[in-house]
Amino acid sequence: MTKKCAPQLSSFRVIFLVGPTAVGKTDLSFYLAEKLSASILNCDSISMYKGLDIGSAKPRLHIKRIPTFLFDEWEPPFTCTAGLFRKKALSILEQELNHRSVLAVGGSGFYIQALEKGMYPIKEIKPEIKQQVTKIHKEKGLKHLYKLLQFLDPEYAKQIPAQDSYRIFRGVCIILSEEKPISLLRSSFKEQKLPWSYLKVGLYLPREVLLKNVLNRTGKMIKEGLLEETQTLLDKGFKDWPLMRSVGYKEAVLFLSNQLSKEELKNKIVHRTMYLAKKQMSWFKRDKNIYWYLYEPDSKIRIYNSIKEKGV
């Protein structure tokens, strides 16, 4: 990837650190936080929840020495929307930026975009609408619900995979609640840019190196108790929680119900993780304002110096 020229800004209060899963964002973020005397704002949509520790590769040891925010923020079975995340994140930034810079770190592109550019306003969905859509889902299935979304908003439905039950369900709920297509809400939306200067840094790796990272991390997760963590969540009645369909947890559930062997468990997690990484890179590559760095073992100092040169 071609390295961009440094922008002509005197200082950056917020540094976005993005890139695919397993690329090394967590490792670099805590190094930079110490060097820059900055705090860390978690923008990973899985690490925000209590109980999702091993499967989210949550940085438990590092958290003790650096001020961090939005780790373990939500209790299952609650599901945080991008809009709620932005509201919470803005409140944290308003307080933290009085004292220090903030590293906003994560691979969840939609959440990063929501924080940077804002969200189109949506009313709280009434319980009766959720009940109505839940009934359709249970009685007629996800395929029928997806067809309903295609009928209500064909343009938006094209962007949603037919297997993404959470986004299909929420999409139908929003359309019924707002009484207009989501694509129309988006087209009339005006960006609400952050009121602080910011820099966007991206990390990438050659595919074969990323695959090695994913293989190692998957093996470590299983060894450290991914299955036990998943079983605890199941025992608490969270089987239908949307987060249980995220990478790692979905495969663990299948293994625990005797639908996968131990070898298949690891292979499927690796395969889905690599597919997720590909989607994340496709998302971030659209953003021409990200400064990309190949992340190698000796890259930390080089990246730190480059960020300092840009005015942090």
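Morning, everyone. Keep in mind that this is a predicted model.

Start with the sheet. Six strands make an open sheet, in the order E3-E2-E4-E1-E5-E6, with parallel pairing. Who sits at the edges? Strand E3, 68-69, and strand E6, 290-294; each pairs on one side only. As a reminder, strands of a sheet pair through backbone hydrogen bonds, either parallel or antiparallel.

Look at the E6 side. Strand E5, residues 198-204, pairs with E6 in the parallel sense over 5 bridges.

H3, residues 82-96, lies across E1 (14-18), E2 (39-42), E3 and E4 (102-105). Helix H3 runs at about 170° to E2.

Next, helix H11, residues 249-256. Which of its residues are buried? Tyr 249, Glu 251, Ala 252 and Val 253. The cover over these buried residues includes helix H10, 226-235, and helix H12, 262-285. Just after H11 comes Asn 258, with a positive phi of about 60°.

Last, the cysteines. How many disulfides are there? The count is 0. Take Cys 80. Cys 173 is in no disulfide either; its nearest cysteine sulfur, that of Cys 80, is 16 Å away. Buried or exposed? Cys 80 is buried, at 3% relative accessibility. Cys 173 is buried too, with a relative accessible area of 1%.

That's it from me.

Conventions:
Residues numbered from 1 in each chain as written. Predicted model: local features only at pLDDT ≥ 70, side-chain atom pairs only at ≥ 80, totals over all residues. Heavy atoms only, no water. Disulfide = S-S within 2.5 Å. Buried < 20%, exposed > 50% of the residue type's maximum accessible area, 1.4 Å probe, protein only. Helix = DSSP H or I, 4+ residues; strand = E, 2+ residues; numbered from the N terminus. Contact = heavy atoms within 4.5 Å. Pairing = 2+ DSSP bridges. Axes fitted to C-alpha atoms, helices over the stretch in contact; angles between N-to-C directions.
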